[in-house]
Amino acid sequence: MHHKLSLGLFSLIATSSAIAGEGLYSVGAEPEEQLPLEWIVGSHLIYDDNVTPGLASEEDSLAVNPYVGATLTSITPQTVIDLYAQVGIVYYFDEPSTVDDTTVNTELGLDVYHDVSERISLTTRNIVTYELEPNYAYGYASSRQNEEHLFWSTDNSIDYSWTPRLTTRTGFRIYGTDYEDSDSLNRTVVGLYNQFRYRISPQTVGTLGYRYEDSDGDGLSSDSTSHFVTVGAEQRFNPNTIGRFQVGAQFRDVDGGDNSTSPYLEASVQSQVNSQFNVRGFVRYSIEDFDTIQSDGTGTFEYDERLTLRIGTSATYDISPRLQAFGGVDYIPTSFESGRLVSGTGTASDADEDVLNAYIGLALKITDNVEASCSYNYTNADSDFSSRDYDRSRISLGVSATF
């Protein structure tokens, strides 16, 4: 519990926090350990050598990040509740030219699993964040924007067991982003899905699924619809390792734009390798709806095909009972294709962008309830769009107390 919370509080630096739902890291498993309500307060001192990434002139600044958070995992024979919440601010001592000197970083995650009967179970997984730094594990951002934004997601499903081996999972998910000053980045996606789940063995569940998503874009962004057809499996390789895999096809239709078909891949794995070492990872390849509007030169273009591969991994290693090392990498190569002019002048050309985000750090347990930490985060965005091309390093020193 202690280390799970600590990693969550490095979200400002690592952009890969471990809150309820866990985004693309999720393997779909329910929590197995009950954890009482725990509060945490703390602060980070941060040096950022590029506060406004993508601008022609880089600006550096010291910042302080005080925060308060809480976690709770409650397990009863019928119901599991997993809760995480954090509220904090980031104050830059040298006010950046395009970012306020004070920004908010807030996260809330709530998962509930409830067995109505031996045949019926209900699940709801919910995430709300308001922050400047995007969390790449949520699967919507590939480059940092110089603006705070709201991201939300609610995923609700019902499982019905037709036989001891055959179950269907039917549900809906609504998720989206909201930027105050950049309407074309705003998007709401409503999805419906159904999945057949067949237990092949005590360790393996085969899946066959269909998902429909209707995406509503604001500003210059076009609406679109997508159909996903997938086959996959959920596998418990051993008592400490579990994975989930899906492959298939995505059929996308953009209002006023091109229709397209693309392979679809999604996988995640989590392993407690031994008592000291925990590792998890994910991969996803798809045509994404977010961040399709790009400006270059005198024109603004919408790309109907934003082909994105997301690869992420994170790990923790207990060097001693009091000292833990942690780290992770996100790699996001993107191809912008089928572009068309939506404002200004010019001709759309295909473009590529690679984002690499890596972090490493140490957490030292000073007493039973006080922890100190240090971390380093490096981000490189190599983009054909000049406003999205940058390097960035951040160093953080922190202290926190739990009670």
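## Two buried rings

Phe336 and Phe385 are both buried, where buried means under 20% relative accessible area, exposed means over 50%, and partly exposed is in between (1.4 Å probe, protein chains only). Their ring centres sit 5.2 Å apart with planes at 85°, so this pair is edge-to-face. Rings of Phe, Tyr and Trp (its six-membered ring) count as a pair if their centres lie within 6.5 Å; planes under 30 degrees apart are stacked, over 60 edge-to-face, and the rest tilted. Helices (H or I, at least four residues) and strands (E, at least two) are DSSP runs, numbered from the N terminus.

A quick note on what you're looking at: this is a predicted model, where local features need pLDDT of at least 70 and side-chain atom pairs count only at pLDDT 80 or more, while totals for chains, interfaces and linings use all residues. Residues are numbered from 1 along each chain as its sequence is written, and side-chain values use heavy atoms, with hydrogens and water left out.

Searching the whole structure turns up 14 aromatic pairs. Take Phe237 and Phe245: with ring centres 6.2 Å apart and planes at 75°, they make an edge-to-face pair. Phe237 is partly exposed at 47% relative accessible area, and Phe245 is partly exposed too, at 34%.

Some rings have a charge over the face, meaning NZ of Lys or CZ of Arg within 6 Å of the ring centre and within 35 degrees of the ring normal. Arg211 sits over Phe228, at 3.9 Å from the ring centre, and Arg280 over Tyr25, at 4.1 Å.

## The nonpolar cores

A nonpolar core is a set of buried Ala, Val, Leu, Ile, Met, Phe, Trp, Tyr and Cys residues joined through side-chain atoms within 4.5 Å. The largest one here has 10 residues, including Ile127, Ala141, Tyr175, Leu185 and Phe290. Another core lies apart from it, with seven residues, among them Ile46, Val51, Ala63 and Tyr92.

What does Tyr175 touch, leaving aside its neighbours within four places in sequence? Its contacts (heavy atoms within 4.5 Å) are Trp152, Ser153, Arg187, Thr188, Val189, Glu213 and Phe290.

## Salt bridges

Side chains of opposite charge can pair when their charged atoms come close. A salt bridge here is a side-chain nitrogen of Lys or Arg within 4 Å of a carboxyl oxygen of Asp or Glu, and the count comes to 18. In one of them, Glu32 meets Arg236, with the closest N and O atoms 3.8 Å apart. That pair links distant parts of the chain, 204 residues apart: Glu32 is in the loop between helix 2 (11-14) and strand 1 (35-48), and Arg236 is in strand 10 (residues 224-238). Glu32 is exposed at 68% relative accessible area, whereas Arg236 is partly exposed at 30%.

Glu234 and Arg197 form a salt bridge with their closest N and O atoms 2.9 Å apart, and both residues are buried. Glu288 and Arg284 meet in a salt bridge as well (2.9 Å, N to O); Glu288 is buried at 4% relative accessible area and Arg284 at 12%. Through shared partners, salt bridges join Arg284, Glu288, Asp291, Arg306, Arg310, Glu353 and Arg388 into one network.
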